[in-house]
Amino acid sequence: MPDFPRPLTTVDLVIFTVRDDALQVLLVRRAEAPFAGQWALPGGFVDIDLDADLQACARRKLHEKAGVQSPYLEQLGSWGGARRDPRGWSATHAYMALIPTEGMALRHGANASDAAWFTADELLAGTGGAHPLAFDHAGIVRAGVERLRGKVEYTSLPAFLLPEPFTLPELQGAYEVVLGRPVDKSGFRTRILAGGFLVEAGLVPRGSRRPPMGYRLANREAPVVFPRTFSPRGAG
């Protein structure tokens, strides 16, 4: 093989969840240079002995950072350049992951001193003490939020953010949190039940006289695509 300098190769994760009625993103605080003390996306270098491909690296890093085995994963894009990492020319391949946080214990790994959730809106606005993010991670977060919000308009992706079983009102709430606006209740229910991606999981206790029906995803490998976008609440 020709002997020439090779770029640093990493995988970074934009991990989304819905917590406290907000779309949130997991960040870790870097313990070492470069950018020691700053918040960043979880991720790390590709290990050629462990990772068969980029997705394998993403899944390994997700397990190391969040203790999660099988989330929804989607490749978001690639970022590269001579100045994004002071250690040298680097390229990162970003993935977005959708996970429920119920019962999840955060991990931050050896190269981070802390891990915490931040609302997507405060990251986009650069508030909450988390901005500027290390490297070019602010731009990657923005790309992830735009991708998720755009796809939620016509897919079942918010179901991957909820612990199972969930109710239809809880699923509608997840849609509204991600979209940042209300959706029409009757149209939502009709669309969701006609989508064929949910299976009944029995009645679930929710503190009401009549326990609502709970649902699970029939297939966690891919979202369902709807023929049209959701209408805002009150729209015809």
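A residue is called buried here when its relative accessible area is under 20%, exposed when that area is over 50%, and partly exposed in between. In the predicted model described below, both W39 and F118 are buried by this criterion. By the same cut-off, 44% of the 236 residues of the chain count as buried.

The chain contains five helices and nine strands, and, read from the N terminus, these elements follow one another in the order β-β-β-β-α-β-β-β-α-α-α-α-β-β. The radius of gyration is 19 Å, which agrees with the value near 18 Å that a compact globule of 236 residues would have. Along the principal axes, the C-alpha atoms fill a box of roughly 65 × 40 × 35 Å. Among contacts between residues at least 6 apart in sequence, 65% join residues at least 24 apart. The accessible surface amounts to about 11,900 Å², and 52% of it belongs to carbon and sulfur atoms. As for charge, the mean positions of the 27 positive and 25 negative charges lie 5 Å apart.

A pair of aromatic rings is described by the distance of the centres and the angle of the planes. The count of such pairs in the chain comes to five. For W39 and F118, the ring centres are 4.9 Å apart and the planes stand at 70 degrees, so the pair is edge-to-face, given that planes over 60 degrees apart are assigned to this class. Because W39 lies in strand β3 (residues 39-40) and F118 in strand β7, the pair ties together parts that are 79 residues apart in sequence.

Individual residues illustrate how the elements are placed in relation to one another. In strand β2 (residues 22-30) is found A22, which is buried because its relative accessible area is 18%, a value under 20%. Apart from residues up to four places away in sequence, A22 touches T17, T119 and V177, while its C-alpha atom is separated by 23 Å from that of A222, which lies 200 residues away along the chain. T101, located in the loop between β6 (90-98) and β7 (112-119), is likewise buried, with a relative accessible area of 19%. Its contacts, leaving aside neighbours within four places in sequence, are with T17, R19 and W117. L54, in contrast, belongs to helix α1 (residues 54-66) and is partly exposed, with a relative accessible area of 24%. Beyond its neighbours within four places in sequence, L54 is in contact with V11, V46, Q75, H93 and Y95, and its C-alpha atom is separated by 11 Å from that of L73, 19 residues apart along the chain.

Most residues other than glycine have a negative phi, and most peptide bonds are trans. The peptide bond from A33 to P34, however, is cis, with omega near 0 degrees, and P34 lies in the loop between β2 and β3. A cis bond with omega near 0 degrees also leads from E164 to P165, the latter being placed in the loop between α3 (137-152) and α4 (168-179). A positive phi of about 60 degrees is found for D21, although D21 is not a glycine; this residue is in the loop between β1 (8-19) and β2 and is exposed, with a relative accessible area of 71%. F35, in the loop between β2 and β3, has a positive phi near 65 degrees and is partly exposed, with a relative accessible area of 27%.

Key:
Residues are numbered from 1 along each chain as its sequence is written. This is a predicted model: local features need pLDDT of at least 70, side-chain atom pairs count only at pLDDT 80 or more; totals for chains, interfaces and linings use all residues. Side-chain values use heavy atoms; hydrogens and water are left out. Helices (H or I, at least four residues) and strands (E, at least two) are DSSP runs, numbered from the N terminus. The radius of gyration is taken over C-alpha atoms; the globule rule is 2.2 Å times the number of residues to the power 0.38. Buried means under 20% relative accessible area, exposed over 50%, partly exposed in between (1.4 Å probe, protein chains only). Contact means heavy atoms within 4.5 Å. Accessible areas come from the Shrake-Rupley method with a 1.4 Å probe; for residues, only the protein chains shown count as cover. Lys and Arg count as positive and Asp and Glu as negative; His and the chain ends are not counted. The place of a charge is taken as NZ of Lys, CZ of Arg, CG of Asp or CD of Glu. Rings of Phe, Tyr and Trp (its six-membered ring) pair if their centres lie within 6.5 Å; planes under 30 degrees apart count as stacked, over 60 as edge-to-face and the rest as tilted.
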